[in-house]
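Please look over the chain shown here before reading on. The briefing is written for someone meeting this structure for the first time.

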Amino acid sequence: MNIFLNENSVTKCSIDEYIREIDCPVQKTMIEHLFFDAMEFLETIRKSALPYPDKPLIKITKGSTQFLQAIDGLIEIDTAFIQLCFTNKEAPLNEIINPTLIGEPSIKSTPNILFCWALAHEYYHGLRKHNLATYDISTTELTSHALEMDADLCATAALYRWAQTNISSIYCDTTIRKIVFASIFWGINTLPKSESNETHPSHAVRIYQILSKLIQIRQDKYHPADQSLSTEEARNNLSKMVDFMHECYVHYLAQDEITAKKIIGEIFQHLESGEYKLVIREWERIKTLVSICSGTRT
Ligand SMILES: [Zn+2]
């Protein structure tokens, strides 16, 4: 029986039910790995929050209008998004980072970062209780963008910490930051609808904010992020990561000139207009409230 079309017209199922229904053994194994990595990542996020929040509740949908969404603590993933994660172009990490130049081993295949990061983004909407925050703050388009930024930044920081835990014995801190940035960069650029809309900022804005987070987050997790770039560490990150973002665009441009040109144009337009400061200011305004509501830090 097709679990998506049973007599109750149920369009949602559990991860296990979804995997059981896959006929192709190769695809079944790949999807099992996809979820295994992502669930391991979400578990590290859960265990980093005190007191431990509930485990994420996940359902698979088919034919939903949304790739992914978080509704009252439930994360819904559409099968179209799972397919997209399989077919998307992953970052050519060894080409753009070239770790062997500094004596590090070449980068083996990483977990599917787009899938892991996107799930973490949805999990953080729940953990950070964004729905509660919206009861207390008027929800303008700017506020929606700031809440998306909050989820993006939390997911990015968590991914950096996860990578740090797993590969810091092999790669230096800069390489880890680059792996995280490039993987999210390629992932976001795969998603359709790159323009800003009433709920989400444009891809260009999101990428810029993610880069900022990876510049400001401290290697020592007990030190707060350096938003004013007052430490040498953050200033070093700034010069290396801005150059690296440029490298990513150049590489992406070679693969997909039209999209890359459009995005680069948007980034510069965004920086020139100073519009990004409005979202950051709004985020600064709401992040304290979000932290109080949820008992978590950004
Ligand atoms: Zn979101």
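This is a predicted model: local features need pLDDT of at least 70, side-chain atom pairs count only at pLDDT 80 or more; totals for chains, interfaces and linings use all residues.

Residues are numbered from 1 along each chain as its sequence is written. The secondary structure comes to twelve helices and four strands, where helices (H or I, at least four residues) and strands (E, at least two) are DSSP runs numbered from the N terminus.

**Overall form and confidence**

- The radius of gyration of the chain is 19 Å, close to the 19 Å that the globule rule gives for 298 residues, so the chain is as compact as a globular protein of that length; the radius is taken over C-alpha atoms, and the rule is 2.2 Å times the number of residues to the power 0.38.
- Along its principal axes, the C-alpha trace spans about 60 × 50 × 40 Å.
- Of the 298 residues, 36% count as buried, a residue being buried if 20 or more other C-beta atoms lie within 10 Å of its own, exposed if 12 or fewer, and partly exposed in between, with C-beta atoms placed from the backbone.
- Among contacts between residues at least 6 apart in sequence, 67% join residues at least 24 apart, two residues being in contact if their C-beta atoms, placed from the backbone, lie within 7 Å.
- The average pLDDT, which is the predictor's confidence in each residue from 0 to 100, is 85 for the chain, and 91% of the residues score at least 70.
- Over residues 3–10 the pLDDT stays under 50, and the model has seven contacts for them beyond four places in sequence.

- Four strands form an open sheet in the order 1-2-4-3 with mixed pairing, where two strands pair if DSSP finds at least two bridges between them.
- Strand 1 and strand 3 stand at the edges, each with a single partner strand, so one side of each is left without a neighbour in the sheet.
- Strand 1 (residues 12–13) pairs with strand 2 (residues 57–61) in the antiparallel sense over two bridges, and K12 has T61 in strand 2 as its bridge partner.
- Strand 2 and strand 4 run parallel and are joined by five bridges, with K59 standing opposite E76 in strand 4.
- Strand 3 and strand 4 pair in the antiparallel sense over four bridges, and the bridge partner of I71 in strand 4 is L74.

**Helix 3**

- In helix 3 (residues 79–87), the buried residues are F81, I82 and C85.
- Seen down the axis of helix 3, these buried residues fall within an arc of 105 degrees, so they line one face of the helix; the arc is that of the directions from the helix axis to the C-beta atoms.
- The face of helix 3 turned away from its buried side carries the exposed residues Q83 and T87.
- The partners against which the buried residues of helix 3 pack are helix 2 (25–48), strand 3 (68–71), strand 4 (74–78) and helix 5 (113–127).

**The nonpolar core**

- The largest nonpolar core has 72 residues, and those with the most contacts inside it are A120 and L159; such a core is a set of buried Ala, Val, Leu, Ile, Met, Phe, Trp, Tyr and Cys residues joined through C-beta atoms within 7 Å.
- Helix 7 (residues 141–167) gives the most to this core, with 13 residues.
- Leaving aside residues up to four places away in sequence, A120 touches F41, L42, I45, A155, A158 and L159.
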